[in-house]
Amino acid sequence: MAMVSMAFSVKTPTLPNRCRINRRDGMAFASLSNKASASLGVRLTEGEGNLPKLVLSSPAGSEVEIYLFGGCITSWKVPSGNDLLFVRPDAVFNQKKPISGGVPHCFPQFGPGPIQQHGFARNMDWTVVDSESAEGNPVVTLELKDAPYSRAMWDFSFHALFKVTLNAKSLSTELTVKNTDSKAFSFSTALHTYFRASAGDASVKGLQGCKTLNKNPDPKSPVEGREERDVVTFPGFVDCVYLDASSELQLDNGLGDLISIKNTNWSDAVLWNPYLQMEACYKDFVCVENAKIGSVQLEPEQTWTAVQHLSTA
């Protein structure tokens with residue numbers, strides 16, 4: 001494994017020679033001045049709304065885009081050119097709202113609760129702390145630490161790392177959360193993944209037998225049940241939590257792609273499609289989310305790690 005360390009940050013004007021982000025007229029852009037860095041298949045550029053964006057490219061022709069705002073993966077193109085992720089047409093890139101689509105982070109809270117919906121990780125700037133090549137394929141690691149914004153609603157010190165690995169036909173992520181506080185804390189979390197799909201034709205296998213918390217028709221009063229179907233579809237509004245789900249699900253996106261969704265330590269899954277609540281785009285995506293619905297309890301210096309591995313045939 002060849003490794004080249006790169007420290008990116010949208011908050012610091014001077015960076016190591018491998019990568020430098022400059023600011024001009026309020027716009028951020030990046031230049032990779034080291035050929036070794038460029039050879040890793042990683043470049044930092046300007047995305048929508050002038051926001052810093054990483055582009056990872058594999059030798060086989062696959063590509064991933066990651067915005068530092070929210071640490072959000074917004075695109076995963078396989079060698080055929082198909083983008084398997086979806087960003088909603090109403091998504092904004094102004095740092096005032098989280099990016100609606102791709103793979104947003106829900107942390108330290110999934111859904112509604114004591115703090116804002118889905119927590120704050122998707123509303124903060126992440127920093128790239130490392131880049132490496134694994135068997136010729138690009139790997140980047142982003143980090144998020146507590147700041148005044150997060151502590152105003154969740155008064156704990158933490159350190160999160162998000163490692164993204166791109167291969168020819170797979171996209172892997174590893175999320176690690178460390179308690180850097182002097183007191184214990186608990187959290188829930190999820191990767192709110194939007195898959196490009198024909199919602200009326202899409203289906204998911206691997207959930208049969210799971211205990212369910214069905215938020216249809218009333219999201220505020222989930223109905224407990226058990227999934228009896230081998231193939232779960234999206235015939236209308238869908239918002240359902242699957243507890244103790246399988247470590248591998250199979251998504252048929254209805255567009256000709258079969259996507260394997262494997263995980264380690266993401267104990268739960270969530271299926272979501274807003275149906276007529278988002279009439280402009282509900283037909284074009286489904287969410288299949290790896291989640292940790294029950295609270296993770298971390299004592300000081302303890303860590304929690306979960307892996308998601310998406311792949312196509």
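A salt bridge is taken here as a side-chain nitrogen of Lys or Arg lying within 4 Å of a carboxyl oxygen of Asp or Glu, and the views below apply that criterion to a predicted model.

**View 1. The salt bridge between Asp 181 and Arg 151.** In this pair, Asp 181 and Arg 151 have their closest N and O atoms 3.9 Å apart, which means that the contact falls within the 4 Å cut-off. Asp 181 sits in the loop between β12 (170-179) and β13 (185-191), whereas Arg 151 belongs to helix α2 (residues 148-151), so the bridge ties together parts that are 30 residues apart in sequence. The two partners are described by separate accessibility values: Asp 181 counts as buried at 9% relative accessibility, while Arg 151, with a relative accessible area of 28%, is partly exposed.

**View 2. Asp 181 with Lys 183, and the network that includes both residues.** Asp 181 also forms a salt bridge with Lys 183, and for this pair the closest N and O atoms are 3.2 Å apart. Lys 183 is partly exposed, its relative accessible area being 37%. Through salt bridges that share partners, Asp 146, Arg 151, Asp 155, Asp 181 and Lys 183 are joined into one network.

**View 3. The salt bridge between Glu 65 and Lys 53.** The structure holds nine salt bridges, and one of them pairs Glu 65 with Lys 53, whose closest N and O atoms are 3.4 Å apart. This pair links distant parts of the chain, with Glu 65 placed in strand β6 (residues 63-67) and Lys 53 in strand β5 (residues 52-57), 12 residues apart. Glu 65 has a relative accessibility of 17% and counts as buried, because the limit for that class is under 20% relative accessible area; Lys 53 is likewise buried, with a relative accessible area of 12%.

**View 4. Cysteines in a structure with zero disulfides.** The structure holds zero disulfides, and Cys 240 accordingly takes part in none, the nearest cysteine sulfur being that of Cys 210, 9.4 Å away.

How values were computed. Residues numbered from 1 in each chain as written. Predicted model: local features only at pLDDT ≥ 70, side-chain atom pairs only at ≥ 80, totals over all residues. Heavy atoms only, no water. Helix = DSSP H or I, 4+ residues; strand = E, 2+ residues; numbered from the N terminus. Buried < 20%, exposed > 50% of the residue type's maximum accessible area, 1.4 Å probe, protein only. Disulfide = S-S within 2.5 Å.
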